[in-house]
Amino acid sequence: MTELLAVQAARPSTLPLIVSGATSAPGLTAQRRLPAVGGFAAEATPESLASRWQATRTGLSKGKIWLDAVRKPTLDQSVPLIGAPAAWSAGFDGAGVTVAVLDTGIDASHPDLTGRISARQNFTEGEEDDRDLVGHGTHVASTIAGSGAASGGKYKGVAPGAALLDGKVCVEGGCLESWIVAGMQWAAESGADVVNMSLGGTNTPDVDPVEQAVNDLTAQHGTLFVIAAGNSGADETVSSPATAEAALAVAAFTKSDELAEFSSRGPSADGWAVKPEIAAPGQDIVAARSKDGFLGTPGELYMPLSGTSMATPHVAGAAALLTQVHPQWTPAQRKAALMAAAKPVSGIGVFAQGAGRVDVARAITQQVTTSPASVTFGLQEWPHDDDEVRTSTITYQNGGSAAVTLQLALTTAAPAGIFSLSADTVTVPAGGQASVTLTADTRQGGELTGGLGGQVTATATGVSVQTPFGVVREELKHPVKVTATERDGDPAENAFTVILRKDGYQEWLAFGASNDLRLPPGEYFAFSWVDEVGDGSFATTQIMYPKLTVSGPATVSFAAKGAGGFDVTIPDKEATALLTGYDVFYDEGDFGVGVGIGGGSFDSMFAKLIGPKPASGLSSQLYGTLARVDEEGNPAKAPHVYNLGWYSPDSMLSGVVKHLRQSDFASVKAAHAAHVKGSNGVRMNFLAPPDSSGGWAVGWPVPLPFTRTDYYAGNVPWQVEVMEEVPAEGEDWPITISDTAGVTTYRAGRTYQEQWNKGVFGPSVAPFFPGDMPALREGDIMYLSPGLLGDGQGRAGFGSITAGHGALYRDGVLVAESTDAPYVFAEGVAAGKAKFRFDAGLERDTRLTTKLTGSWTFRSGATEEMTSLPLTAVSFAPKLDDHNVGKAGGLGVYPVTVTQTEGSGRVTKLAVQVSYDDGKTWKKAPLLRFGGEWILAVVHPKAGGFVSLKASGADSHGNTFDQTVIRAYELR
């Protein structure tokens with residue numbers, strides 16, 4: 001069965017397809033994948049649906065794991081910031097301690113991780129390959145225990161002496177709860193002292209199976225679970241299982257001890273606890289890159305990532321060092337010691353940082369800890385005149401040989417009178433303990449609502465102990481009953497409802513047929529997925545309520561009865577629906593959200609709009625891909641592929657009936673050439689109407705070269721992407737070449753011809769996706785990342801490289817540089833207008849385009865809004881066969897395509913040189929211009945070999961460009 005790759009969707013375990021998500025505009029997007037051919041989502045429980053909603057809503061993850069995006073390059077180190085070098089100097093590097101990494105796998109061949117893994121096991125299904133095909137797990141593992149061998153020790157992990165257990169519980173599409181729990185069980189039973197879990201999903205009011213496993217395994221095996229708090233960047237969004245009582249939940253700071261904007265904040269809605277409990281650096285963290293992962297730039301050994309996923313291994317490594325110092329300590333003691341020694345940062349609330357940023361240097365030496373590690377006073381419901389005064393006892397333990405007198409103080413932004421201590425000092429005897437009482441009186445505070453708290457700080461000479469505390473003073477809320485019914489009117493036991501506050505994106509979740517919620521007055525957006533499962537059938541109704549107003553007690557009914565379906569047929573009765581999708585987008589001022597469903601057939605989806613109809617801002621799209629498949633469900637030999645799409649810019653499509661005839665389709669005959677011997681090609685068609693927030697596409701690998709006819713219906717724009725994958729021995733996707741065309745509308749009744757994946761593969765400054773800017777400036781920030789492996793027609797492209805470099809100069813002075821990839825990110829660029837030069841280059845271990853360099857000059861000054869920088873690139877399209885080989889002998893005459901970014905001037909100068917000895921010598925090549933088109937003439941030696949090309953020129957604004965492609969094409 002054909003191998004599959006999933007991006008932005010939970011991965012089907014048996015569907016022989018590639019499912020990919022297109023680029024999305026800013027805002028929120030929830031997209032639900034239904035069972036398709038072969039089925040998926042064996043665990044489609046309400047809780048797992050909630051996890052998928054949060055994953056897509058944050059835009060940072062897939063399934064239940066945060067696959068944090070590659071961000072700007074940085075050379076700053078993060079490990080020294082938490083005090084790890086001091087622990088190493090004291091003789092503690094984690095030796096004898098075992099840390100389990102439950103993630104996407106670990107690249108054991110990376111120099112930093114060679115010999116670090118003592119055991120490994122794969123708990124996933126559908127991806128039996130043990131390799132880290134994402135790169136997330138490898139990055140996490142090296143932050144914990146990497147040796148830093150590939151960087152001369154620079155990017156050493158926190159506990160480089162620790163042993164690692166590699167538990168693969170996540171695939172490219174996410175993680176199922178059963179995989180996670182199985183991995184946790186294995187790790188604990190295998191003797192892991194610490195378990196790192198940089199993953200999570202939406203927290204529910206009840207204790208879910210993963211939270212329960214954290215608590216049970218901690219008690220049974222003495223294992224400390226260190227878990228990422230989440231990347232939602234809003235209050236009450238700490239994810240499960242970080243919300244488990246026994247877990248140590250981790251927030252993300254920048255390297256300058258500021259709260260990362262994406263870091264989830266508490267309190268936890270299932271107990272109003274102080275979560276997260278500790279923080280660590282999590283933004284722009286450089287760590288090892290998996291050679292098999294899609295994150296990062298191919299060929300790089302390191303990459304920067306951001307997320308609470310990156311903060312968590314810093315704390316897990318710190319826990320390993322502390323375990324080495326105190327191997328007899330319980331998980332609760334280690335958690336308490338790390339929190340007690342943390343450094344709280346002024347101006348950051350307790351529900352965002354807990355005890356503060358981890359300080360392992362203090363944790364391994366400090367003798368005083370507290371119990372409990374944090375104090376939770378819970379929720380005080382509105383109104384507050386009669387609130388119960390609550391107290392908690394904080395007990396200090398002294399493991400030292402001398403008594404310690406602690407000075408006690410409250411660090412809190414709450415008004416005076418809400419929190420108080422029973423004493424200002426407390427003396428803790430050697431080897432003993434002493435207590436103090438903390439009181440929360442929420443009758444005080446007037447109109448103040450929300451999470452209130454801070455830290456009790458106990459200090460003495462060489463001692464500083466933190467105990468975070470918090471209470472939630474509820475705002476005015478109204479009781480709201482949420483009900484859901486199926487299309488026949490029966491209670492919907494399989495309903496999942498999201499109510500999203502438009503001011504701040506705060507969310508409430510409801511499961512099943514009836515829920516009682518408490519919502520503050522305000523404006524909301526809501527939707528419900530009502531599932532109906534029958535004998536061999538599965539359908540979902542998506543009910544949208546875009547303008548929900550709560551001003552008092554209310555009942556909100558999500559009734560699927562009367563929902564409109566989608567009756568769509570095509571002329572080919574033997575074709576199977578490989579992918580169908582239905583998305584609704586809503587924009588209202590600064591608020592934007594998208595919600596979608598998808599599956600294997602149009603008749604499995606229904607839609608309904610309830611509540612007041614918005615006057616504007618509501619749009620929707622319906623799309624699908626169909627083709628004939630063989631007995632195994634494999635469409636690889638399908639002679640025709642049908643692509644259907646409809647878009648409504650001002651309404652919600654529902655009750656659509658489309659019985660299409662062949663005349664309703666445009667016909668596109670597309671030839672796909674081979675670039676590498678033995679490769680496969682994958683063509684994906686994305687619906688791309690203007691102002692939509694992306695969509696989904698499906699594709700499958702077919703041996704290259706091949707020709708295929710695609711039919712398009714709907715007269716809507718499409719974005720086509722073609723990838724070339726090269727399966728090496730024992731590997732699946734080591735190299736890909738991708739050419740992404742601009743948006744095209746194929747008109748019904750017309751016939752089109754297309755050519756894909758033909759060279760020369762070289763620079764293009766066309767956008768990868770509609771609306772992208774390959775080079776931009778905003779204020780004092782500049783980012784340049786043009787496609788350097790576009791095709792001969794000027795389409796944008798990218799691919800694997802073995803080496804890369806990028807550098808930006810301002811008036812001849814270097815301002816930013818990347819030593820491993822052909823792009824630059826520059827901050828703090830001086831505002832005054834100046835002349836800039838951007839140099840980029842790459843090398844590849846391939847037959848064609850083995851080496852490429854480019855250099856651009858332009859003038860730029862600071863801009864208030866994001867502005868495109870003016871770049872020009874030249875693409876060449878010689879006559880090549882379907883293996884990208886030209887005919888030796890004679891004269892090659894072929895077109896030259898110029899691509900330019902916005903703001904560039906008309907090309908006024910252009911010169912081309914040719915080399916037949918890989919750039920050792922160059923000769924000028926004749927270049928003719930007919931109207932607005934350029935034509936190049938190149939002598940093709942009878943002996944064959946490789947042709948290299950160099951182009952240089954300028955535009956009417958004085959911007960220049962210079963590019964060189966070694967081994968641009970081959971002659972035989």
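The expected span of a helix is taken as 1.5 Å times one less than its number of residues. In this predicted model, helix 5 covers residues 209-221, and its 13 residues should therefore span 18 Å; the C-alpha atoms at its ends lie 17 Å apart, in agreement with that expectation.

Several residues of helix 5 are buried, namely Val-210, Glu-211, Ala-213, Val-214, Leu-217 and Thr-218. Viewed down the helix axis, the buried residues fall within an arc of 160°, so they line one face of helix 5. These buried residues pack against helix 4 (177-189), strand 8 (194-197), strand 9 (224-228) and helix 7 (331-340). On the other side of helix 5, Ala-219 and Gln-220 are exposed.

Elsewhere in the model, an open sheet is formed by four strands in the order 57-59-63-62, with antiparallel pairing. Strand 57 (872-876) and strand 62 (927-930) each have a single partner strand and stand at the edges, so one side of each lacks a neighbour in the sheet. Neighbouring strands of this sheet are turned against each other by 30° on average, direction ignored. Strands in a sheet pair through backbone hydrogen bonds, in either a parallel or an antiparallel manner. Five bridges join strand 57 to strand 59 (residues 891-900) in the antiparallel sense, and the bridge partner of Val-874 in strand 59 is Val-898.

Technical notes
Residues are numbered from 1 along each chain as its sequence is written. This is a predicted model: local features need pLDDT of at least 70, side-chain atom pairs count only at pLDDT 80 or more; totals for chains, interfaces and linings use all residues. Side-chain values use heavy atoms; hydrogens and water are left out. Helices (H or I, at least four residues) and strands (E, at least two) are DSSP runs, numbered from the N terminus. Buried means under 20% relative accessible area, exposed over 50%, partly exposed in between (1.4 Å probe, protein chains only). The arc is that of the directions from the helix axis to the C-beta atoms. Contact means heavy atoms within 4.5 Å. Two strands pair if DSSP finds at least two bridges between them. Axes are lines fitted to C-alpha atoms, for helices over the stretch in contact, and angles run from 0 to 180 degrees between N-to-C directions.
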